[in-house]
Amino acid sequence: GICNPGTCGSNEQCVQASCECSYLSCGGLCCGSGQLCENGQCTAPPAAGWSVQPTLTSKSLKAIWGIDNKLWATGKGGVILHHDGTSWKAQTSGTTATLVDVQGSSAPNVWAVGYTGSDLYASGRKPILVHFDGTHWEKLAVLPEGAVTPRGVWANSATDVWIVGRRYDVNLGTTSNQEGIRAHFDAQTWTMETNPSYPSDI
């Protein structure tokens, strides 16, 4: 009805002689600042802080990365989980490798890296690299030299991907027979640098 300033109810204001909600209209109610409208009722916003979410897997998760409102988590057994901004869903990775890191440059350009073989013995490990193009994951060529254990991945684009980790070689002559590596993938070939002076866990 017709109003004058000061005659409207709580969380209302007088606009051109009519009382209107100051913040949010909710089923005939006027919610206060910061409140939400749920099922026709004004409710308080959820408390800030961490909340436990279902993981959809019993496998150990190793890494998480996101862009905008999209997230990817990777772990043992080739597990890849994707959060689309609303809920988590499992994605098919095409591998049973332990995926230790995930990163990308955009939602249709996401990379995950890991290894097959024993978690205990570096000599039996082989590297795995998988790529998500926005629709599905594809397993790509792996590093060609020795028993490599990737530790991290960074992607600037689909043709500019870097991996760091370590390589096991019984002929290195070092105490652990391991050396740090950094490798670049241009979508066609690998360029790998190895050096015993690199930390073995870069």
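This is a predicted model: local features need pLDDT of at least 70, side-chain atom pairs count only at pLDDT 80 or more; totals for chains, interfaces and linings use all residues.
# Reading cysteines, rings and strands

Tutor: Start with one residue. C19 is partly exposed, with a relative accessible area of 30%. Residues are numbered from 1 along each chain as its sequence is written, and side-chain values use heavy atoms, with hydrogens and water left out.

Student: Which residue does a disulfide join to C19?

Tutor: The general idea is brief. A disulfide is a covalent bond between the sulfur atoms of two cysteines. The test here is a pair of cysteine sulfur atoms within 2.5 Å. Four disulfides pass that rule. In one of them C8 is joined to C19, S to S 2.2 Å. This link is left-handed, with -90 degrees about the S-S bond. C8 lies in the segment before strand 1 (12–15) and C19 in strand 2 (residues 18–21), so the pair ties together parts eleven residues apart in sequence. A strand is a DSSP run of E with at least two residues; helices are runs of H or I with at least four, and both are numbered from the N terminus.

Student: Is C8 buried or exposed?

Tutor: C8 is buried, at 18%.

Student: What is the handedness of the disulfide of C26 and C37, right-handed or left-handed?

Tutor: The sulfur atoms of C26 and C37 are 2.0 Å apart. The torsion about their S-S bond is about 75 degrees, so this disulfide is right-handed. C26 belongs to strand 3 (residues 24–26) and C37 to strand 5 (residues 36–38), so parts eleven residues apart in sequence are tied together. C26 is buried at 1%. C37 is partly exposed at 37%.

Student: Which residue does a disulfide join to C31?

Tutor: C42, with S to S 2.1 Å. The torsion is about -90 degrees, so the link of C31 and C42 is left-handed. C31 sits in strand 4 (residues 29–31) and C42 in strand 6 (residues 41–43), eleven residues apart. C31 counts as buried at 0%, while C42 is partly exposed at 23%.

Student: On to the rings. How many aromatic pairs does the structure hold?

Tutor: Five. One of them is W65 with W72: stacked, 5.9 Å centre to centre, 25 degrees between the planes. The rule takes rings of Phe, Tyr and Trp (its six-membered ring) with centres within 6.5 Å; planes under 30 degrees apart are stacked, over 60 edge-to-face, and the rest tilted. W65 is buried at 14%. W72 is buried at 1%. W72 also pairs with F132: their centres are 5.9 Å apart and their planes at 55 degrees, so this pair is tilted. W72 lies in strand 8 (residues 70–75) and F132 in strand 13 (residues 126–132), so the pair ties together parts that are 60 residues apart in sequence.

Student: Which residues do ring pairs link into a cluster?

Tutor: W65, W72, F132 and W137. F132 is buried at 6%. F132 also has W137 as its bridge partner in strand 14.

Student: How are strand 13 and strand 14 paired, parallel or antiparallel?

Tutor: Strands of a sheet pair through backbone hydrogen bonds, either parallel or antiparallel. Here strand 13 and strand 14 are antiparallel, over four bridges. The cut-off for pairing is at least two bridges found by DSSP between two strands. These strands belong to an open, antiparallel sheet of four, in the order 11-12-13-14. Strand 11 (98–106) and strand 14 (137–140) are the edges, each with a single partner strand, so one side of each has no neighbour in the sheet. The twist averages 25 degrees from one strand to the next. Axes are lines fitted to C-alpha atoms, for helices over the stretch in contact, and angles run from 0 to 180 degrees between N-to-C directions.

Student: How many residues has the largest nonpolar core?

Tutor: 16, and W111, L129 and F185 have the most contacts inside this core. Elements giving it two or more residues include strand 12 (109–116), strand 15 (147–157) and strand 17 (178–185). A second, separate core has 13 residues, among them V102, V110, A112 and F132. A nonpolar core is a set of buried Ala, Val, Leu, Ile, Met, Phe, Trp, Tyr and Cys residues joined through side-chain atoms within 4.5 Å.

Note on methods: Buried means under 20% relative accessible area, exposed over 50%, partly exposed in between (1.4 Å probe, protein chains only).
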